[in-house]
Amino acid sequence: MALNSLFRVDNCFVNLLLYMSERPLKFTKPILFWRSLFTLIFSSSLLIPSVGIQPAGAQISQYCQLSAKAIQEKENLRLSALKGKKDHQRRYQKLVKQHAQELQNCRTRNWPQTQAIWLRLYPCDTQPGAIDQIMDRIVSRGYNQVYLEAFYDGQVLLPAAANPTVWPAVIRTVGTERIDLLDVAIKKGQERGLKVYAWMFTMNFGYTYSQIPSRQDAIARNGKGQNSIEVVDNRSQIFIDPYNTQAKTDYYRMVQEILRRRPDGMLFDYVRYPRQAGSDSIATKVSDLWLFTPATQEALFRRAKNAKGLELIRRFLSRGYITAGDIGQVDKLYPQEGEPLWEGRNIPPAQKSLLSATDRQKILQLELWQLAVAHAMQGIIDFVALASYPAQQQGIPAGAVFFSDGNQAVGQGYDSRLQPWDRFPSSLEWHPMAYATCGDNNASCIATQVQRVLSAAQPGTNVIPALAGKWGESISNRPSLEAQMQALRQFSPQLKGVSHFAYSWQYPEHDGDRKFCRNP
């Protein structure tokens with residue numbers, strides 16, 4: 001079946017897929033992890049009073065949080081409005097608008113200008129007034145952006161009766177088939193002055209995808225014959241081959257459907273390969289890499305620039321090494337060619353005669369290893385570019401979520417996630433997950449992670465770190481959000497935004513009530 005007969009997409013999609021499948025490795029000057037990799041180849045009285053001097057009458061909290069009195073007043077009106085009291089409905093809507101304006105004014109005058117929170121919705125959130133309550137709480141805590149999970153664990157937040165993707169809908173309860181919770185949440189948030197981003201898993205397509213018989217070639221495999229279910233504890237995680245056209249087509253279609261709900265932005269998470277444990281957390285040999293699917297291998301073979309190069313790539317991929325004998329055989333097979341060549345390899349003709357067979361083998365094997373790693377990571381870069389393209393074409397911001405340490409080299413090996421965030425373009429927002437733990441009262445390691453990202457970012461890159469924690473108390477060996485925010489304040493000229501993971505951490509009881517449909 002022709003690609004464009006599968007579903008309606010904009011006309012440039014087919015060309016974009018072709019471009020991505022042939023996209024060359026970038027051989028720009030590397031930084032951080034890439035330095036090693038590419039050396040050889042490539043205002044309101046309702047707000048809590050602040051500490052410090054403020055303009056007369058402003059009384060603005062440092063974090064723009066509403067007072068307990070204001071929060072309770074709004075909640076009482078919401079509950080009364082749910083019972084159909086017209087006067088209370090009007091007063092509630094008026095207060096919602098008032099708080100939206102106050103939040104906007106406060107965030108304009110206080111750092112950070114953007115303060116976001118990560119949010120997952122559940123089927124129980126289809127109950128009347130549930131989304132209003134959630135968004136009210138978010139505003140009350142001083143947040144002006146929401147990162148709303150739209151695709152995760154192999155489920156998509158689209159109505160079951162209007163879901164043209166290959167993934168099941170998050171909400172599958174009988175009688176809720178036409179409820180568009182994503183659209184409702186975006187609109188409810190925007191009514192309160194919140195920008196609502198759609199937050200999506202990216203290369204992690206979820207277990208349900210692996211159960212589709214026609215998608216087996218799209219699932220990433222390493223040289224040991226394993227897919228990601230076999231190397232991680234979480235069986236909901238299935239990572240795909242970023243070079244596979246079917247996987248790209250499926251994801252592109254879903255992105256378009258989510259964009260129809262007009263979110264204020266899109267965030268792409270899991271832009272990496274699986275995190276493995278123990279010694280497997282470092283990729284040191286070809287069989288550790290997720291290169292053993294047809295599309296990835298075909299794309300790798302296209303990196304060859306002559307027959308010698310292609311033959312050595314094939315042998316290296318099949319065995320994980322090459323010998324001096326392999327090189328000699330290839331020389332005899334293609335005597336009309338000079339040195340084996342592939343993308344990024346430019347060897348002076350005279351070099352061959354100056355090297356011993358042993359030295360030549362060592363150099364070629366190292367360069368083949370670096371080519372394999374670079375090819376795996378280029379797939380991630382290209383997939384993010386494809387995923388973010390529809391949003392950027394519509395002028396909607398897009399961002400990539402990543403671990404600041406996910407791109408590191410360790411000796412001749414690399415972090416198994418192979419997350420090349422330092423090569424993401426400055427046109428994307430950068431959302432580093434600064435989740436380091438250095439004690440309940442110590443945020444220095446968190447600041448170090450953010451500093452590393454800021455040092456790598458090109459001027460103009462919008463870096464918005466994600467912090468994990470709670471207001472007013474430490475949790476999971478992390479200091480309070482106040483302490484973490486204070487540690488990042490030193491970067492305020494560069495950082496205009498910070499996000500907090502997650503709503504469930506701020507309101508664990510409410511999150512549990514929502515998850516299991518309990519009425520508190």
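Let's start with two helices: the axes of α10 (residues 294–301) and α11 (residues 307–319) come within 10 Å and cross at roughly 145°. Here the axes are lines fitted to C-alpha atoms over the stretch in contact, with angles running from 0 to 180 degrees between N-to-C directions. Helices are DSSP runs of H or I with at least four residues, strands are runs of E with at least two, and both are numbered from the N terminus. On the α10 side, the contact (heavy atoms within 4.5 Å) is made by Gln 297, Leu 300 and Phe 301. Helix α11 brings Leu 310, Ile 313, Arg 314 and Leu 317. By class, the contact has 5 nonpolar, 1 polar and 1 charged residues. In this scheme Ala, Val, Leu, Ile, Met, Phe, Trp, Tyr, Cys and Pro are nonpolar, Asp, Glu, Lys and Arg are charged, and the others, Gly among them, are polar.

A word on what you are looking at: this is a predicted model, in which local features need pLDDT of at least 70 and side-chain atom pairs count only at pLDDT 80 or more, while totals for chains, interfaces and linings use all residues. Residues are numbered from 1 along each chain as its sequence is written, and side-chain values use heavy atoms, leaving out hydrogens and water.

Now to the cysteines. Counting a disulfide as a pair of cysteine sulfur atoms within 2.5 Å, the model has 3 disulfides. In one of them, the sulfur atoms of Cys 64 and Cys 106 are 2.1 Å apart, and the link is left-handed, with -90° about the S-S bond. Cys 64 lies in the loop between α3 (33–37) and α4 (68–82) and Cys 106 in helix α5 (residues 86–109), so the bond ties together parts 42 residues apart in sequence. Cys 64 is buried at 2% relative accessibility, and Cys 106 is buried too, at 0%. Buried means under 20% relative accessible area, exposed over 50%, and partly exposed in between, using a 1.4 Å probe and protein chains only.

Another disulfide joins Cys 124 to Cys 517, with 1.7 Å from S to S. Its torsion about the S-S bond is about -95°, so this link is left-handed. Cys 124 sits in the loop between β1 (114–119) and α6 (130–140), and Cys 517 in the segment after α18 (508–515), 393 residues apart. Cys 124 is buried at 7%, whereas Cys 517 is partly exposed at 40%.

Finally, Cys 438 bonds to Cys 445, with 2.1 Å from S to S. With the bonded cysteines numbered in sequence order, the pairing is 1-2, 3-6, 4-5.
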